[in-house]
Amino acid sequence: MRRNTNFILREIAGENILVATGKAAEVFNGMITLNEVASFIWSNIDECNTVDKLISSILDEFEIDEETARKDVESFTNELIEMGIVVE
C-alpha cells in the first residue's frame, strides 16, 4: 500500500487538506480535509505500507485502543483505495 503521488497534503488556514494534482486533478474534483489521525496515516502510509504497521504506529503516537485504531485505519485506507488516492 502506498500513496498516489498525484495527491499532496497541504496545510491551509490551519486545516490539513489533501489536494489532487496532475492527472488526478482531471478526475477528482475537490479536496479532502483530514483530521490529526488521518493526516498521520497519510504521512506514514508509504513507510508503514500495511494496515498492521499503521495501527502499530498509531498506537505509539496516540492514546487510542487497538480495536478502535484497527476499525478507523481499515475504514479510512479502504476509502482511500476506492478513490484511487492510495494504491495497493
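Colleague: Leaving aside its neighbours within four places in sequence, which residues is Leu18 in contact with?

Modeller: Bear in mind from the start that this is a predicted model. Leaving aside the neighbours within four places in sequence, Leu18 is in contact with Phe7, Ile8, Leu9, Met31, Ile32, Leu34, Trp42 and Ile85. Leu18 itself is found in strand E3, and the pair Leu18 and Ile8, ten residues apart in sequence, has its C-alpha atoms 5.6 Å apart in space.

Colleague: Is Leu18 buried or exposed?

Modeller: The cut-off for buried is a relative accessible area under 20%, and Leu18, at 1% relative accessibility, therefore counts as buried. Ser39, which lies in helix H2, is buried as well, because its relative accessible area is 8%. When residues up to four places away in sequence are not counted, Ser39 touches Leu9, Asn16 and Leu34.

Colleague: How should I read the packing of two helices, and at what angle do H2 and H4 pack?

Modeller: Two packed helices are described by the angle between their axes and by the distance between the axes. In this model, helix H2, residues 36-48, and helix H4, residues 66-83, pack at an angle of about 65°, and their axes are 11 Å apart. The two helices H2 and H4 are therefore roughly perpendicular to each other, and H2 passes H4 in a right-handed crossing. On the H2 side the contact is made by Ala38, Ile41 and Ile45, and on the H4 side by Val73, Phe76 and Thr77. Sorted by class, the residues of this contact of H2 with H4 are five nonpolar, one polar and no charged.

Colleague: How do the axes of H2 and H3 cross?

Modeller: The axes of H2 and H3 come within 10 Å and cross at roughly 130°, so H2 and H3 are oblique to each other. The crossing of H2 and H3 is right-handed. From H2 the contact draws on Val37, Phe40, Ile41, Asn44, Ile45 and Cys48, while from H3 it draws on Lys53, Leu54, Ser57, Ile58 and Glu61. By class, the contact of H2 with H3 has seven nonpolar, two polar and two charged residues.

Colleague: Where is Asp65 found, and how far from a polar atom of its side chain does the backbone nitrogen of Glu67 lie?

Modeller: Asp65 is found in the loop between helix H3, residues 51-61, and H4, and a polar atom of the Asp65 side chain lies 3.3 Å from the backbone nitrogen of Glu67. Asp65 is partly exposed, because its relative accessible area is 43%. The C-alpha atoms of Asp65 and Thr77, two residues that are twelve places apart along the chain, are separated by 18 Å, and Thr77 is one of the H4 residues that make the contact with H2.

Key. Residues numbered from 1 in each chain as written. Predicted model: local features only at pLDDT ≥ 70, side-chain atom pairs only at ≥ 80, totals over all residues. Heavy atoms only, no water. Axes fitted to C-alpha atoms, helices over the stretch in contact; angles between N-to-C directions. Helix = DSSP H or I, 4+ residues; strand = E, 2+ residues; numbered from the N terminus. Parallel < 35°, antiparallel > 145°, perpendicular 65-115°, else oblique. Left-handed = near helix turned anticlockwise from the far one by under 90°. Contact = heavy atoms within 4.5 Å. Nonpolar A, V, L, I, M, F, W, Y, C, P; charged D, E, K, R; others polar. Buried < 20%, exposed > 50% of the residue type's maximum accessible area, 1.4 Å probe, protein only. Polar contact = N/O pair within 3.5 Å; in protein donor to acceptor, adjacent residues only side chain to side chain.
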